[in-house]
Amino acid sequence: MKRHNETIVSEFLLQGLPIPPEQQGWFLTLFLVIYLTTVLGNLLIILLIRIDSRLHTPMYFFLSILAFNDVCLSSVTVPKMLVDMQSNHKSIPYSGCISQVYFLLFFTCTDNFLLAAMAYDRYVAICQPLHYTMIMRQERCILLVAWSWIYSLSHALMHTLLSTQVSFCGDITIPHFFCELTALLELSCSDTSLNNLVIFIEGGMVVIIPFTFIMGSYICIWATVLKNPSAKKFFKVLSTCGSHLLVVALFYGTIAEVYFFSSPTMSGAKEIAASVMYMIITPMLNPFIYSLRNRDIKQALKLFANKVTFCKSNNLG
């Protein structure tokens, strides 16, 4: 009977954001502005790091990769969400849904490892300053990013292939604004115990291990600072690490809210709001967090603005 009820699914229906119809236009404008700000802000960070030789350091190398990753992460879901907000039939093809699952897993996993690499960079800079240039040489930085991509590709591929093995019956409506893996598996009428086990063990490790590494790095940093405490050293550490810590808190805080601290009694609207925070809002905030609290980025931005002004004045002249 179970096999008889299984159907070949060609598309899924997305429930979308829980927004009243009369407010759709306002929220469409809001999310469009957020998306454009995310793309332009992160691309500006990449451009500034590229053109300013003073920013050719390991910390800004990792920041440029993170900025590019954030643009890609937002682009996987937001354009489709904006289109759906103008449509009554919020559907996504099966292949498109599986592709969305894959790229979301890849870019989210990469974010985890990039934040860990940035924490390691700060640890070496503060705890082993004399060996910083030797430890954080260009080859090692590229290798750290390469391994992050390789593992993220494997992580995303494994979960995506497992999700293609499950079958679906009648209900094909995903209670979300994108193809979220756990929500997709809940629609299945086949056995998903292996999928859930892999998500719990391997997926949990992908989040917990980098987070533990980040916390360990900062424990060592503060232990080093407290050995010879001084206001100057404290504010220096705060200025170099504060932005990264704020991004870590936003990223892991919202992920924990969705995947670790959520309960069956948690409303779908609250879970969707937390997903919006870590997938849409956080990538937009990252450029502002790093630029507003970073003197080097501010100086590079002023230099870039002066160059643009100079070129415009020459063209007009």
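This is a predicted model: local features need pLDDT of at least 70, side-chain atom pairs count only at pLDDT 80 or more; totals for chains, interfaces and linings use all residues.

Colleague: Okay, take Met118. Is Met118 buried or exposed, and why?

Modeller: Met118 has a relative accessible area of 5%, so Met118 counts as buried.

Colleague: Where does Met118 sit?

Modeller: In helix α4.

Colleague: And what does Met118 touch, leaving out residues up to four places away in sequence?

Modeller: Phe62, Leu63, Leu66, His244 and Tyr290. There is also Ile214, 96 residues from Met118 along the chain. The C-alpha atoms of Met118 and Ile214 are separated by 8.6 Å.

Colleague: Back to α4. How many of its residues are buried?

Modeller: 24 of its 34, so α4 is largely enclosed by the rest of the structure. From first C-alpha to last, α4 reaches 50 Å. That is close to the 50 Å expected at 1.5 Å a residue.

Colleague: What about helix α2? What span should α2 have, and what does the model show?

Modeller: α2 covers residues 24-51, which is 28 residues. At 1.5 Å a residue α2 should span 40 Å, and its end C-alpha atoms are 40 Å apart, so the two agree. Its buried residues include Gln24, Leu28, Phe31 and Tyr35.

Colleague: New topic: the largest nonpolar core. Which residues touch the most other members?

Modeller: Phe12, Leu17, Phe31, Met81, Ile174 and Ile280, out of 87 residues in that core. Helix α4 gives the most to this core, with 16 residues.

Colleague: Pick Met81. What is Met81 in contact with, beyond four places in sequence?

Modeller: Leu17, Phe31, Phe177 and Ile280. Met81 also lines the largest cavity.

Colleague: How many cavities of 30 Å³ or more are there?

Modeller: Three in the whole structure. The largest holds about 80 Å³ of space. Leu17 and Phe177 are among the residues that line the largest cavity, and so are Asp84 and Lys90. By class, its lining has five nonpolar, two polar and two charged residues.

Colleague: Last one. What does the chain look like overall?

Modeller: The protein chain has eleven helices and three strands. Of its 317 residues, 46% count as buried. Take its contacts with a separation of 6 or more: residues 24 or more positions apart account for 80% of them.

Conventions: Residues are numbered from 1 along each chain as its sequence is written. Side-chain values use heavy atoms; hydrogens and water are left out. A nonpolar core is a set of buried Ala, Val, Leu, Ile, Met, Phe, Trp, Tyr and Cys residues joined through side-chain atoms within 4.5 Å. Buried means under 20% relative accessible area, exposed over 50%, partly exposed in between (1.4 Å probe, protein chains only). Helices (H or I, at least four residues) and strands (E, at least two) are DSSP runs, numbered from the N terminus. Contact means heavy atoms within 4.5 Å. On a 1 Å grid over the protein atoms alone, a cavity is a set of points where a 1.4 Å probe fits but cannot get out, and a pocket is an open set with protein on both sides within 12 Å along at least five of seven lines; lining residues have an atom within 4 Å of a point. Grid points are joined across faces, edges and corners, and a volume is the space filled by probe spheres set on the points. Ala, Val, Leu, Ile, Met, Phe, Trp, Tyr, Cys and Pro count as nonpolar, Asp, Glu, Lys and Arg as charged, and the others, Gly among them, as polar. The expected span of a helix is 1.5 Å times one less than its number of residues.
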